[in-house]
Amino acid sequence: MTAHPTADDPKTEAELDLDRKQEEVEQSFAGPGERLEILSPDGTVRPGAEVPLSTEQVRDALRWMMLSRTVDVRAISLQRQGRMGTFSAVRGQEASVVGSSFALDPARDWIVPQYRELPGVVRHGFPLDGYLLYWMGNPAGGRVPDGVKVLPLQIALAAQLPHAVGLGWGLKLQGSDGVVTTYFGDGASSEGDTHEAMNLAGVTRAPVVFFLQNNGWAISTPRTKQTAASNFASRAEGYGFPGVIVDGNDLFAVYTAMQQAVERARRGEGPTLIESQTYRMGAHNTADDPTRYMEPVELSGWDERDPIRRVTSWLRSQDAWDDEAEREMQAGIDRQVDEAIESAEAFAPPNPEQIYTHVYADPPERLRAQQRAALDSH
């Protein structure tokens, strides 16, 4: 049925269509009461809720969120110039990644990432120039510095989840109070590795937080075609541990949900599955064209729920943020990113031989022959 503007509702048909599209997106996620929400899209705290971070901590979290978005812009530009390979931006998911990482202790907790957690892994100690180097296709970018509790980025969907459980189970056997957090998407949740990892984690009560970023799309497959379940968090019950849904664009709610899951794991009570309902405000990566499957009107609805705008609105309401503060913070971030890019590009470029190194301690003859053939062709 086609809606028409009326005296009581003077909206145009285009505006009404936008409202309907936004409502459809909202309905694909859980609503108030079903998911943890603290900070409203307009930057106000919901009635009865408490802010879990100090004002200074929120400013620090905002800096990580702004750093992430700045890297997104610069990395996409570098990729278009041929100075970087395919890159996956974080845009839209900054509160989800930063809020969850703020509940972790880099000195004792581990992050087992996928490939869209830049601010989380850099805050945990992974160098920013190394992160960029990884996307430049240089094997040196896969080297995690000693003492940094982060595993290498994982491109293969869900392949990192069994590693996370093995790591967490090992920590438990050693008597450590460390907690492992692994990130993955709604698409990865359909892989067999996810079932095997969660089942083992439930049986062993491994101290693992499964942080599922439901960003609406598994590349071009919408969330509604990814699973017939009403939500992803409900799957946790089948593995014998709790599942929690949180508004992933709400920094405060994500931090609170993650803090509770980490404390639970540290007490020896086992894993938790957190479904962070956020939104990928753009392409899956620089090799993707979302205009082939995503309507522009859908994106415009999520601009209004921008997690960075939400946090700055709250800080302004506390007289802790203004235009001058933003200019000063952005200038510092720009310098940091410039230095990281310069450092990454100063590394020696990779050569074909490196494709075969660090794969086997004792390479089989078949691989040695392949290596010789490849090098002879250059």
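The model is predicted. It holds 21 salt bridges, and the count of aromatic pairs comes to eight.

**Aromatic pairs**

- A pair of aromatic rings is described by the distance of the centres and the angle of the planes.
- The count of aromatic pairs is eight, and one of them joins Y134 and W135. The ring centres of Y134 and W135 are 5.4 Å apart and the planes stand at 85°, an edge-to-face arrangement.
- Y134 has a relative accessibility of 23% and is therefore partly exposed, whereas W135 is buried at 8%. The two residues fall in separate classes because buried means under 20% relative accessible area.
- F252 and W314 also form an edge-to-face pair, with 5.2 Å between the ring centres and 85° between the planes.
- F252 belongs to helix 8 (residues 251–266) and W314 to helix 10 (residues 307–317), so this pair ties together parts that are 62 residues apart in sequence.
- Both partners of that pair are under cover: F252 is buried at 0% relative accessibility, and W314 is buried at 5%.
- Ring pairs also build a cluster, made up of F87, Y131, Y134 and W135.

**Charges over rings**

- R63 places its charged end over the ring of W64, at 4.9 Å from the ring centre.
- R123 does likewise with F102, its charged end sitting over the ring at 4.5 Å from the centre.

**Salt bridges**

- Side chains of opposite charge can pair when their charged atoms come close.
- Among the 21 salt bridges is the one between R69 and E94, where the closest N and O atoms are 2.9 Å apart.
- R69 lies in helix 2 (residues 55–80) and E94 in helix 3 (residues 94–101), so the bridge ties together parts that are 25 residues apart in sequence.
- R69 counts as buried at 14% relative accessibility, and E94 is buried at 0%.
- R316 and D323 form another salt bridge, again with 2.9 Å between the closest N and O atoms. Here R316 is partly exposed at 36% relative accessible area, and D323 is partly exposed at 47%.
- R327 and E324 meet in a salt bridge of 3.0 Å, N to O. The two residues are three positions apart in helix 11 (residues 323–345), so about one helical turn separates them.
- R327 counts as exposed, with 52% relative accessibility, while E324 is partly exposed at 43%.
- A network of salt bridges links R35, E37, R46, D247 and R310.

**Buried loop residues**

- T278 sits in the loop that runs between strand 7 (272–277) and helix 9 (296–303). This threonine is buried, with a relative accessible area of 0%.
- The side chain of T278 makes a polar contact of 2.7 Å with the side chain of N249.
- D186 is located in the loop between strand 2 (180–185) and helix 7, and D186 is buried at 1% relative accessible area.
- D186 and E13 are 173 residues apart along the chain, and their C-alpha atoms are separated by 33 Å.

**Nonpolar surface patch**

- W169, L173 and L200 make up a nonpolar patch on the surface, and together they present about 300 Å² of accessible area.
- L200 is part of helix 7 (residues 192–204). With 34% relative accessibility, L200 counts as partly exposed.

Definitions and conventions: Residues numbered from 1 in each chain as written. Predicted model: local features only at pLDDT ≥ 70, side-chain atom pairs only at ≥ 80, totals over all residues. Heavy atoms only, no water. Phe/Tyr/Trp six-rings, centres within 6.5 Å; stacked < 30°, edge-to-face > 60°. Buried < 20%, exposed > 50% of the residue type's maximum accessible area, 1.4 Å probe, protein only. Helix = DSSP H or I, 4+ residues; strand = E, 2+ residues; numbered from the N terminus. Lys NZ or Arg CZ within 6 Å of the ring centre and 35° of its normal. Polar contact = N/O pair within 3.5 Å; in protein donor to acceptor, adjacent residues only side chain to side chain. Patch = residues over 30% accessible without salt bridge, like charges linked within 9 Å, V, L, I, M, F, W, Y side chains within 5 Å. Areas by Shrake-Rupley, 256 points an atom, 1.4 Å probe, with all protein chains shown as cover. Salt bridge = Lys/Arg side-chain N within 4 Å of Asp/Glu carboxyl O.
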